[in-house]
Amino acid sequence: MKALLFERKEARFAAARVASVLAGPGRGVRVGPLRIADVDEPELPGPDWVRVRPRLAGICGSDLATIDARSSRYFEPIVSFPFVPGHEVVGELDDGTRVVVQPTLTCAARGIEPACEQCVNGVTNLCERTAFGHLEPGLQTGYCESTGGGWGTALVAHESQLHRVPDGMTDEQAVMVEPAACAVHAASLIPGGDTVVIGAGTLGLLTIAALRHVEEIGGTIIATAKYEEQRRWAKELGADVVVEPDALERAVRAGSHSMRIGGQLTSGVELVIDCVGSEASLRQALQVVKPGCDVVVVGMPGTTTLDLTPLWHREVVLRGSYAYDRQDFALAFELVSKLDLGRLVSATYTLDQYNEAIQHAAEAGRRGAVKIAFDLRNERNR
Amino acid sequence: MPRPGFVLEVDKSTPPTLFWHGEGFRLERLPAGSRVIYAPEPLAALKDPDEAIRHALLNPMGDSKPLPELLFPGMKLTICFDDISLPLPPMRRPDVRQRVIEAVLDLAAEQGVDDVVLVAALALHRRMTDEELRHALGDRVFDAFNPFGLLQQHDAEDPDNLIHLGTTDQGEDVEINKRAATSDLVVYVNINLVAMDGGWKSTATGLASYKSLRHHHNVRTMQHSKSFMDQHRSELHSSNWRMGKVLRDGGVKVFQIETTLNNDTFPDQFSFLQKREWEWSARDRAGFLAVSKSLERTPDRLRRSIFQSIKSPHDITSVQAGEVEAVHEVTTANVYRQQLVEVEGQTDVLTMGLPYICPYNVNSVMNPILVMCLGLGYFFNMYRGKPLVREGGVVIMSHPTPWAFHPVHHPSYIDFFEQVLSDTTDPAELEAKYEEQFATDPWYIHLYRTSYAYHGVHPFYMWYWGAHALQHLGGVIIVGGDPKAVRRLGFKPASTLRDALEMAEDVVGRDPSITHLHNPPILMADVR
């Protein structure tokens, strides 16, 4: 089958990192370990597994970080090489049923009995066994050698991972369900009043939508967005105030009637959801969050240098938000349908065009795009 | 004998017209048939201004007694004076405030008055720096009062130094500076640069709190002030006069001193600015070229600093003292004598070049909101009778309109520009939706009181100043401005005057009548 394969090649990792640093995000694709290949289809690991033929597969920020070799080494023991990336997937089963894949590879998928405490409690996104069981290590489909991923013409999925796509939902809508589930989950963690959402890429925009239309928060949503199209989307999806990143502190100060001490607001908002995860965004989050309140990190961070004194002094809670559970997926389906979030899919590419696709995804905001995806519907060998 | 104002009809032989363009100039060719309004030439200076001041204090107008008779030992005397917003540009030393205050202090000393406090009547303007105060008051006064806390700046947010004196018959709160209101005598020292200045507006506005100011600094008042430079057709003035009555009835005794300046605005190296273009000498042309070329090569910051360091050679043309209304009537006539130009009929398109300075950016940055205020607030309203431009007409302003703000002086302006104007430019809507939030923001209040910031509500007032024009006009175009900033203001950007005139035709029709309000110096059109 045709697939984009990500191999463990240290020299290419280094080249990708250098290229991305020197030439900008996404540039690692041309020199890094990702290549197009003809590989064997993954074997079904057990009786409860099915083959899924991807139709659309999104390109996520974490994929871009991986391709540019900017991901944390934390992931090394919980991925297995070579792997076929792609965890935002709408595909079809052999009988033609369309499904969205919930990519987390939990105890159920790994055949682990008894399941870990988190899985028993239904908090499957926090599964403690992502490197164990009968599968190779891999926190998700798209990072696991055993399962394949969405950037290939076939993958295998456990029945616990499947969500049937309702009739009438387009592939473009369906491919947005997985990132929407992330957003739904993030929005549900802390009951919010006035909320800041940092970043207006796919995850930021979907988080705004989830706050407004799933959690139905009554407070003001202030969002940061670098680019005009992002600002338009942020407004449409429910942000009350959209500002450029360097204007956030000013906007929060005005809205919260806060004073300033040095670079720190004395008050702020009750909840900051950081959908970027960079050093700058985390610093900004600590700057504008109200004392005693919460910062939720949704954007995948890496190794970061950060002065945590304000966190200590103002008793701020810094909390991560990773993935979703089945309930989040159910709500994500509703959210995507209600707001027709398939409109966020700005462009699709064939697998052969992966260089252009990755480049476009890495420059999405600047080029007025939101979600870039691979379209495998016309690939041969499907 | 200075020549009166003049309206030129442009023909083929008319040389290009000088337009201010912020910290620079443009020479523009206006279409044949356009009119250019020039101000009267500078009136003659008082030969002995100090003697004229003393004479005014001893021979007051209206029912006021001479100043010495109002002064007595043991009394509480407060001398209030106009702040940094006047005159424009700041005048060469000695400033007229220094001359007048020294004369008042001499009389006070002669009468044995020792409880004297000076108060800069800031209203909601920024505080003046020591250097600015020293320039306005002179070394002698500054050194005698400032070290002892006797030189104060009105704080409209200091509850301990405000007093509510009642309400007008229309329910307007009158709350002013407590020290002034509880003094045996308030001497107010005015510089009446334009007809709006002075009268009861000095005390009722300059010494007021936000609670009091909001009754006349609002959209409704400004839309009913046609114009606010014409006291008799200005709701702004009517409200201040009502408040003046409350002050008078409440026992606040005001001895008003008003001064007028001639329009000799710029020093010799900029002499070409004061002249009609066809009368430029070879020296003027050389001066214009030298200044223009060197400015082109000067970095923005340095250029701003050069212009802000200009001190005007303004001369004093009159001094009036005594009872507020009697004084103000004569003063206004003297302002008109210097500025009024008769103009026949309105125009479809009014053009104006906007300078680098307005009342609210002395030693500061002319931000886009101030550009709007200067053009549509001040210049548009420089009329008596009818607006120069017809209803539904177009104003074309020339200014670079940079997206730039002074972070210390104008912090709330930045938020106003980012948050408010990106939502709405409609004066009534933004007043209803945002004014209170900005006016009561504790951070802005803190900066106003302790730093050098304009009050949080001030950018709203700047916008309201243009409310009458916004209601009246069919369109506003800015030539040579930052397009993004111009659009944020709700106006249209144009690269050249020719483009702007073509764009204006979309609003007012083909072959419009065009009138240019020539500046400097400032003038007021008496539109028949």
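Predicted model: local features only at pLDDT ≥ 70, side-chain atom pairs only at ≥ 80, totals over all residues.
With 27 C-beta neighbours inside 10 Å, Ile358(A) counts as buried; a residue is buried if 20 or more other C-beta atoms lie within 10 Å of its own, exposed if 12 or fewer, and partly exposed in between, with C-beta atoms placed from the backbone. Residues are numbered from 1 along each chain as its sequence is written, while chains are lettered from A and ligands numbered from 1 in the order in which they are written.

Ile358(A) is placed in helix 13 (residues 354-362) of chain A; helices (H or I, at least four residues) and strands (E, at least two) are DSSP runs, numbered from the N terminus. Beyond residues up to four places away in sequence, Ile358(A) touches Gly26(A), Val29(A), Ile59(A), Leu64(A) and Ile67(A), contact being assigned if the C-beta atoms of two residues, placed from the backbone, lie within 7 Å. Ile358(A) and Ala323(A) are 35 residues apart along the chain, and their C-alpha atoms are separated by 22 Å.

Helix 7 (residues 202-213) of chain A was examined together with its packing partners. Helix 7 of chain A comprises twelve residues and reaches 16 Å from its first C-alpha to its last, close to the 16 Å expected at 1.5 Å a residue; the expected span is 1.5 Å times one less than the number of residues. Eleven of the twelve residues of helix 7 of chain A are buried, among them Thr202(A), Gly204(A), Ile208(A) and Arg212(A).

Two packed helices are described by the angle between their axes and the distance between the axes. Axes are lines fitted to C-alpha atoms, for helices over the stretch in contact, and angles run from 0 to 180 degrees between N-to-C directions. The axes of helix 6 (residues 177-189) and helix 7 of chain A come within 8 Å and cross at roughly 55 degrees. The two helices are therefore oblique to each other; angles under 35 degrees count as roughly parallel, over 145 as roughly antiparallel, 65 to 115 as roughly perpendicular and the rest as oblique. Helix 6 of chain A passes helix 7 of chain A in a right-handed crossing, a crossing being left-handed if the near helix is turned anticlockwise from the far one by less than a right angle, and right-handed if clockwise. Residues of helix 6 of chain A in this contact include Pro179(A), Cys182(A) and Val184(A), and those of helix 7 of chain A include Leu203(A), Leu206(A) and Leu211(A). By class, the contact of helix 6 with helix 7 of chain A has twelve nonpolar, two polar and no charged residues; Ala, Val, Leu, Ile, Met, Phe, Trp, Tyr, Cys and Pro count as nonpolar, Asp, Glu, Lys and Arg as charged, and the others, Gly among them, as polar.

Helix 7 of chain A also packs with helix 12 (residues 326-339) of chain A, at an angle of about 95 degrees and with the axes 11 Å apart. This angle makes helix 7 roughly perpendicular to helix 12 of chain A. Ala209(A), Ala210(A) and His213(A) of helix 7 meet Leu335(A), Lys338(A) and Leu339(A) of helix 12, a contact that divides into four nonpolar, one polar and one charged residue.

Asp340(A) lies in the loop between helix 12 and strand 16 (345-349) of chain A. Phi of Asp340(A) is near 50 degrees, a positive value in a residue other than glycine, and Asp340(A) is partly exposed, with 13 other C-beta atoms within 10 Å. Glu315(A), in the loop between helix 11 (309-313) and strand 15 (317-320) of chain A, likewise has phi near 50 degrees. With 10 C-beta neighbours inside 10 Å, Glu315(A) counts as exposed.

The contact between the chains takes ten residues from chain A and eight residues from chain B. Helix 9 (residues 248-256) of chain A gives the most to the side of chain A that touches chain B, with four residues.

In chain B, helix 13 (residues 368-379) has all twelve of its twelve residues buried. Thr17(B), in strand 2 (residues 17-20) of chain B, is also buried, with 22 C-beta neighbours inside 10 Å. Cis peptide bonds join Arg93(B) to Pro94(B), with omega about 0 degrees, and Pro520(B) to Pro521(B), with omega about -10 degrees.
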